[in-house]
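Trainee: I am new to this structure and would like a close look at a single part of it. Could you take me through the sheet, slowly and in connected steps?

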Amino acid sequence: MRPYRCSEKFRVNANGKRIDVWLIYRCVSCDNSWNFTILERQNRHDIEPALLAALESNDPALARRFAFDAAALRNRAGRLEESSDVTVRKELLDGEPGRADALALELRPEGTTPLRLDRLLAGELGLSRSRLQALDDRRRLTLEPDGAKALRKPVRDGLAVRIDLAGEADCRAILLAACR
């Protein structure tokens, strides 16, 4: 199956007082389209006027909100490519690169993402997910505001991660790799 990308365009179709709305996706290689149903056979008077106006004008923020609704997409499409559109701000804590033993990360995804936190951190830090789980089990990984249960959940906006690597044999190598 070929990947599809959101066109950020809605198709609004009216049949009398009933309205159908789709968000249009395009195949990245052949421009074939797939329509993601937003509204189906809704009475025009039951749709909030501001929402209808946003749909008819292809409001980019609304299109992104629907495009990143992973649960709804997974229900209709079956399989999703994980997007890594997450801004990661890294900061060494307690010293310079040669002496620091802790790292703070702030995560800002572009909308919602199905990308799990452990997968993102593994890629950013060059660590295995089992190693991250071990750090979490030893309480060397602090997640705010979600706490320990967030490691295997999708990345959420504003999640702060603190990793204490004091006493880890490869502390310096991890910190140097993370701050490149």
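**The open sheet and its helices**

Mentor: In this predicted model, three strands in the order 1-2-3 make up an open sheet, and their pairing is antiparallel. Strand 1, residues 4-15, and strand 3, residues 33-43, stand at the edges with a single partner strand each, so one side of each of them has no neighbour in the sheet. From one strand to the next, the twist averages 15 degrees.

Turning to one pairing in detail, strand 1 and strand 2, the latter covering residues 18-27, run antiparallel and are joined by 10 bridges. Within this pairing, Val 12 stands opposite Val 21 of strand 2. As background, the strands of a sheet pair through backbone hydrogen bonds, and they may do so in parallel or antiparallel fashion.

Helices also lie across this sheet. Helix 1, made of residues 49-56, lies across strand 1, strand 2 and strand 3, and its direction is at about 120 degrees to strand 1. Helix 2, made of residues 60-67, likewise lies across strand 1, strand 2 and strand 3, running at about 110 degrees to strand 1.

To place this part within the whole, the protein chain has 6 helices and 7 strands, and from the N terminus on its elements follow the pattern β-β-β-α-α-α-β-β-α-α-β-β-α. Of the chain's 180 residues, 36% count as buried, while among contacts with a separation of 6 or more, 52% come from residues 24 or more positions apart.

Note on methods: Residues are numbered from 1 along each chain as its sequence is written. This is a predicted model: local features need pLDDT of at least 70, side-chain atom pairs count only at pLDDT 80 or more; totals for chains, interfaces and linings use all residues. Side-chain values use heavy atoms; hydrogens and water are left out. Helices (H or I, at least four residues) and strands (E, at least two) are DSSP runs, numbered from the N terminus. Buried means under 20% relative accessible area, exposed over 50%, partly exposed in between (1.4 Å probe, protein chains only). Contact means heavy atoms within 4.5 Å. Two strands pair if DSSP finds at least two bridges between them. Axes are lines fitted to C-alpha atoms, for helices over the stretch in contact, and angles run from 0 to 180 degrees between N-to-C directions.
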